[in-house]
Amino acid sequence: MEVFTWFADWLVYGLLGLAPATPLSGALQFFVEDVGKIFFLLIVVVFVIGFFRSMLAPERVRKMLGGRNRWFSFPAAVGLGAVTPFCSCSSVPLFIGFLEAGIPLGVTMAFLITSPMINEIAVFLLISTLGLEFTLIYVVTGLVVGLVGGLVIDRLRLEHWVEDYVWKIRMGETVLPEGPHGLRDRLSYALEQVREIVGRLWLYILIGVGVGAGLHGFVPAEQLMRYAGPDNPFAVPMSVLIGIPLYSNATGMIPVVEALLAKGLPVGTVLALMMSVVALSLPEIMMLKKVLKWPLLVVFIAVLAVSITIVGYLFNALF
Amino acid sequence: MDIKVLGGCCGNCDTVMKMVADKAADLGVTVSLEKVTDMGAILGYGVMSTPGVVIDGKVVHAGGIPKTAQVEAWLKG
């Protein structure tokens, strides 16, 4: 990835002739480097995975989880949630389809929590930008948060707080058309995936890199450390709260996380911010409002916020 | 030919609507095109991932934007 650092240095300090170590040139250098790096990685990863993906369509996941006991379905739901990408528009039909198949509410919730938080694209990008250690921490805690969130909702027996019409919907049986076959088909499917996913993510990434670059160049580390550093005991819940109205996907958050960690903020606090922005968002909440009554929605938000906060404190204490 | 596009909120569904309408006009095929947004109806077709395409009552596609060649094949089929 040094080529992107090299290119950014050349462009900003060489071609544009800016003096090094000023806020503007620092921010610009960060922006150029990260835009190059993230888009390059994104295109490569989406293409490769699109090529090999064995069509983990939600319809198929539903079949896998239906009618199994909880010892199987809970871990399977968080695991599948982590590997199946779907846009937040699909949460409603997914939610109804799962319940209709007899998948318990808690298991469905576990799937919905993990799915936006962890996906293969974010994982590859995290490894190549922030390293294996942070990635592992992120993935493991994401799975645990999904599992715990689902189990708590399951224990509380909140089925009566799901909108009544949801239980009345009957799902049709359809043989879905087969996925791509053969080399040519798979290649063109992979290219199509690149086009669709990059088309969906590019704005989030540009905004994320812009925020990261602004933090990198213009926000002094001391100031950030004073508000969100280890000396502020409320830094973790604050990050979670800040994250709720903000919405981005895991990929768009990477440059922000990169900049914050480089400023020396504690890992747990940064992790809490990232998870809150990605998993708890207004658009997702509005979407779920269509199928959940207010009390259950509040429980969903509270369970997630609390588990993310615990994760944040835990990692601040460990590292 | 009776074509239904299944979809909730993403702009993707409108893209598919437009693709089908444009292609049908190109080929001179008369179609009745309808967008289905009711969740009960969408799930009734057995589709969870949108956009989906239903032709004469049969689901031919789900979970993404179809390729132009596919759309052409449906309209000619």
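**Close-up 1. Helix 12 and helix 14 of chain A run roughly parallel to each other.** In this predicted model, the two axes cross at roughly 20° and come within 7 Å. As for handedness, helix 12 of chain A and helix 14 of chain A make a right-handed crossing.

**Close-up 2. Here are the residues where helix 12 of chain A meets helix 14 of chain A.** Helix 12, which spans residues 235–243, brings Ala235(A), Val236(A), Ser239(A), Val240(A), Ile242(A) and Gly243(A) to the contact. Helix 14 answers with Gly268(A), Thr269(A), Ala272(A), Leu273(A), Ser276(A) and Val277(A). Sort this contact by class and you get seven nonpolar residues, five polar ones and no charged ones.

**Close-up 3. Helix 14 of chain A also packs with helix 16 of chain A, at an angle of about 160°.** That angle makes helix 14 of chain A roughly antiparallel to helix 16 of chain A. Helix 14 covers residues 267–279 and helix 16 covers residues 294–318, and their axes sit 7 Å apart. Helix 14 of chain A passes helix 16 of chain A in a crossing that is right-handed.

**Close-up 4. Now zoom in on the residues that join helix 14 and helix 16 of chain A in contact.** On the helix 14 side, look for residues including Val267(A), Leu271(A), Met275(A) and Ala279(A). On the helix 16 side, Leu304(A), Ile308(A), Tyr313(A) and Phe315(A) are among them. Which classes turn up in the contact of helix 14 of chain A with helix 16 of chain A? This contact has 11 nonpolar and six polar residues, with no charged ones.

Terms used
Residues numbered from 1 in each chain as written. Chains lettered and ligands numbered in written order. Predicted model: local features only at pLDDT ≥ 70, side-chain atom pairs only at ≥ 80, totals over all residues. Axes fitted to C-alpha atoms, helices over the stretch in contact; angles between N-to-C directions. Helix = DSSP H or I, 4+ residues; strand = E, 2+ residues; numbered from the N terminus. Parallel < 35°, antiparallel > 145°, perpendicular 65-115°, else oblique. Left-handed = near helix turned anticlockwise from the far one by under 90°. Contact = placed C-beta atoms within 7 Å. Nonpolar A, V, L, I, M, F, W, Y, C, P; charged D, E, K, R; others polar.
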